[in-house]
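Here's a quick briefing to read with the model open beside you.

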Amino acid sequence: MVQPDLQTVRLSNGKEITVHTQLFINNEFVPGHGPLIETINPATEEVICSVHSADKQDVDAAVNAAATCFKDTWRKVAPAEKARLIHKLADLMERDRDELATLDALDNGKAFTVARDVDITDSIACYRYFAGWADKIHGKTIDTTFDKLCYTRHEALGVVGAVIPWNYPTMMAAWKFAPALAAGNCIVMKTSEITPLPAYKFAALVKEAGFPAGVVNIITGYGHTTGSFLGSHPLVSKMAFTGSTATGRKIMESSSSSNLKKLQLELGGKSAQIVCADADLDKAAEWSCGGIFNNHGQSCNAGSRILVHESVHDQFLELFIKHTKAMIKIGDPFDEDTFQGPQISKGQFEKILNYIEIGKKEGAIVSYGGKRWGNKGYYIEPTVFTNCHNQMRVMREEIFGPVVVIAKFKTIEEAIDIANDSDYGLAGGVYTTDLDTAITVTNEVKTGTMWVNCFDVFDQSTPFGGYKQSGFGKELGKYALQEYTQVKVVKILRSSKI
Amino acid sequence: MSLITEITAPDGHKVTLNTGLFINNEFVAGSSTIDTINPATGKVLASVQAAEAKEVDLAVEAAHKAFYGGWKTSNPRERARLMLKLADLVERDGEDLAHLETLDNGKPLSNSRRGDIPGVANQLRYFAGFCDKLHGKVIETEGKLSYTVHEPIGVCGGIIPWNGPMLMLAWKIAPAIATSNTIVIKTSELTPLSALKIAALIKEAGFPPGVINIITGYGPKAGEALSRHMKVSKIAFTGSLATGRAIMKAAAETNLKKVTLELGGKSPNIIFDDVDNLDEVVFWSRLGIYANAGQVCCAGSRIYVQEGIYDKFVEKFKALALSGKVGNPFEEDTFQGPQISEGQFNRIMNYIDIGKKEGATCYLGGNKVGDAGYFIEPTIFTDVKPDMRIMKEEIFGPVVAISKFKDVDDVVAQANDTTYGLAAAVHTSNITRAITISNALEAGSIWVNCYNIITENSPFGGYKQSGIGRENGEYALANYTQIKAIKINVGNPI
């Protein structure tokens, strides 16, 4: 008996909601041929429900639906009409904001208020931002010799594959869908099998908004099966991936052994926040606290290393712990006061606790937290390590949890060197009141984003993406359009006679 | 005294309208009133409040206060949201607006509904999408952080014509607001009505007071005051060459406000004998001159046909021209409505007279249609010579001159032999010819195998005395921004 698409699910407050659980292909919810996968509520450790997953034939069906739609339909739709559809989708997301936030909070464990006011709000803004680009994708005419007309076309790629992570389910989908659609592509997205529910609700809105069948296709499944089938599919022209560096490598390998599909990788980070002696320490403490503990530390750009000038270290630490206590209220995601919910899964939970042990063994001191919180759900206390140096594993390896490591520095040059002494290069920050310091540090640190006197501040219009092994390619901003278009140059020679 | 009036169209549709000056989100009285005429009947439609220097000053002050009171630093997403909301409201009230437009301007209702309303909405939506996409550059300079920001100019003035009242309003407002300027629009005193309805929608959409102000008045009074105002930092004008000169002069004599002008044209339409489908060519060419009763700045008013197909072209063109019904713009099958006013009517009839006196053959038309209103038959002159007045001067009516050509270099030279340069067209199936002629024609818009394709996303404006600056597309943003270059010296670099 095939599990029906719609399932009823109970929330912790007793309310019941209906969720989609089948694959969304060609504007229809269809059963998958892969195994049913249980999705867990990380706040309770209980199964929410099971969802269908995609095997090879399902991935084929989705990719073929996208390819057919692109060839016959989507590429012929006027850009202003594409924009209109994306705006309509954003309107529907606004209408169903609470329901979308509920699913993000239920499946991921983030606080409902955060899901609603950050994740869903920013996702809607992302769709609106890129809708505005749909009819503004310009090639150039390029003067060469008088007898030629030369111009470039920025064409859509065709079928784009996207594999997204579990840390911001709706928002990570938006970051991929919005520019891909605006640039005229059709998409097959594999959501994380850990958080499959939000995107299926989104899929229903895609259909309601009036997108032609096959433009948006959403499936879920394991990385090593479903993800792999997508990554090696010959009809997929590009893979956009956000997740771990290890999986990023696999995707790159599968592209090289299949059709050399274009790649965009947004991987891990170990971003450094540099607190200078002349910083406004209280503000720096407040910003840097959010910089690591937002989203329970489960952000690729988490400011997980804090480098503090030795002259202000103790003062800063005191303020940092003060802000941590004030800001971080742990609790049920559906509790209005909750700031921090559980970590996403048992596996991640154990991994983070293990890193805390490693840190202790390496000689770092737990100045705050360091333990599980409560006895149900994957909750971990916000944890502060001090007395760290940059060769420790906890200073070099991505923990992806609410664990910050703090080290001292003597000179700005030293801080820059420590910040750059990492295989990663996703983001960073500097807290200073000095103009020269701000510009010099932001010039010298090798990362894709540098924040000054703030952290974790995002806009739809500014690009995001890493240096070094944090990946390549940009999301958000006009720069994202380059990832979803390919350039053709046309050169017309006219004979000298009319 | 209530400024609200109700107007009933011939089909029974009623529209309620506030006839005041729209300043600071309120409708207020002016120094005087102006009667606006229905050009299909010659009768007065309504009496609207008119602005003179005093009211212009009030409007500019409101715009100035709004600019420095928050609009300059407004959140781009909020500006976009308001513009999208206005577009939605224009569509919601599309019937009211289309009826007002047809009553006031005379263009067929089918055109107002299917062309102008979507045109306005598309314009607003296109530029709404630009609000948060205004980028400067970082320019690599040794030892410095050197970058540009594209800032709004401030209070902008827009003086718009009567031939496409709503559309011209949208063309001015959209890029100005998107780049966080505030604006005072002076509509044509001949067609003030649809803008007044849009003014009410601007308030309903939630724009802060003073951001968009809409007034009407005579050029020499209100237009002059706006062009000379010391707190207006930029003026955008669409209209005649003569008025364009006056505005440029006014700017020169006052505060050197930035000026963009979209003026007239005498656009050439060149047809080669290698065209694939003559019927299509005739379709486009006829649209090019008789659309909007010839009251289009880029009208293809000079047609040059290669001798091999000249006779066939003229025969088909005449047939198509005759098939277009000239009459009541509220009837679904009407192609051509009246000219805008008695003044314009007389002017056009005078040119027809001039053409005859110059020795051209009035091959078709040339007469008034009916007794009431300002209707003129679609008119064709043949046997024309390059130096005739009807070949050189903008008539702005349903009058086309068709000329035969043999030599290609000669026809291009003739096409370019004009002080204007707004648009031009070439019809051919040959790719080399299409590109070569497009390159050779000195005009801001070139159409190949079509005519009058004007969209919100592509620039429009003239070469030579057809104007200064480009409207629409990304290019329009340059009209409403000024560049600041900032160089931060980074001392003691590490």
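Is K197(B) buried or exposed? K197(B) counts as buried, because its relative accessibility is 14%, under the 20% cut-off for that class. Keep in mind that this is a predicted model.

**Salt bridges**

- K197(B) pairs up with D96(B) in a salt bridge, with 3.8 Å between the closest N and O atoms.
- D96(B) sits in helix α3 (residues 94-105) of chain B and K197(B) in helix α6 (residues 193-205) of chain B, so this bridge ties together parts 101 residues apart in sequence.
- D96(B) is another buried residue, at 19% relative accessibility.
- Over in chain A, salt bridges with shared partners join R95(A), D96(A), E99(A), K201(A) and E208(A) into one network.
- Across all chains, the structure holds 53 salt bridges.
- One of them brings the side chains of E208(A) and R95(A) together at 2.7 Å, N to O.
- That pair links distant parts of the chain, 113 residues apart: E208(A) is in helix α6 (residues 197-209) of chain A, and R95(A) is in helix α2 (residues 79-95) of chain A.
- E208(A) counts as partly exposed, at 44% relative accessibility.
- Back in chain B, R92(B) and D93(B) form a salt bridge whose closest N and O atoms are 2.9 Å apart, and D93(B) is buried at 14% relative accessibility.

**The A-B interface**

- Chain A puts 24 residues into the contact and chain B puts in 23.
- About 2200 Å² is buried between the two chains, with carbon and sulfur atoms giving 67% of that area.
- On the chain A side, the elements giving two or more residues are α4 (112-131), α13 (412-420), α14 (435-444) and β21 (485-493) of chain A.
- The largest share of that side comes from α14(A), with four residues.
- By class, the chain A side has 10 nonpolar, seven polar and seven charged residues.

**The annotated site and domain in chain B**

- UniProt, in an unreviewed entry, places an "active site" feature at E262(B).
- E262(B) belongs to strand β12 (residues 258-262) of chain B and is buried, with a relative accessible area of 3%.
- Leaving out residues up to four places away in sequence, E262(B) touches F237(B), T238(B), G239(B), C297(B), L422(B), F460(B), S466(B) and E471(B).
- The unreviewed UniProt entry also lists residues 29-486 of chain B as "domain: Aldehyde dehydrogenase".
- That span is 41% helix and 22% strand, and its end C-alpha atoms lie 45 Å apart.

**Asparagines in chain B loops**

- Most residues other than glycine have a negative phi, which makes the next two worth a look.
- N452(B) has a positive phi, near 60°, in the loop between β23 (445-448) and β24 (467-468) of chain B; N452(B) is buried at 19% relative accessibility.
- N472(B) also has a positive phi, about 70°, in the loop between β24 and β25 (481-489) of chain B; N472(B) is buried at 1% relative accessibility.
- N479(B) lies in the loop between β24 and β25 of chain B and is buried, at 11% relative accessible area.
- A polar atom of the N479(B) side chain lies 2.7 Å from the backbone oxygen of R470(B).
- Beyond its neighbours within four places in sequence, N479(B) contacts I153(B), K234(B), T260(B), G469(B), R470(B) and E471(B).

Technical notes
Residues are numbered from 1 along each chain as its sequence is written. Chains are lettered from A and ligands numbered from 1 in the order in which they are written. This is a predicted model: local features need pLDDT of at least 70, side-chain atom pairs count only at pLDDT 80 or more; totals for chains, interfaces and linings use all residues. Side-chain values use heavy atoms; hydrogens and water are left out. Buried means under 20% relative accessible area, exposed over 50%, partly exposed in between (1.4 Å probe, protein chains only). UniProt positions are given in the numbering used here, feature names are shortened, and annotations may be inferred rather than shown by experiment. Contact means heavy atoms within 4.5 Å. Buried area is the accessible area (1.4 Å probe) that two parts lose on being put together, summed over both. Ala, Val, Leu, Ile, Met, Phe, Trp, Tyr, Cys and Pro count as nonpolar, Asp, Glu, Lys and Arg as charged, and the others, Gly among them, as polar. A polar contact is a pair of N or O atoms within 3.5 Å; within protein, one must be able to donate a hydrogen and the other to accept it, and residues adjacent in sequence count only if both atoms are side-chain atoms. A salt bridge is a side-chain nitrogen of Lys or Arg within 4 Å of a carboxyl oxygen of Asp or Glu.
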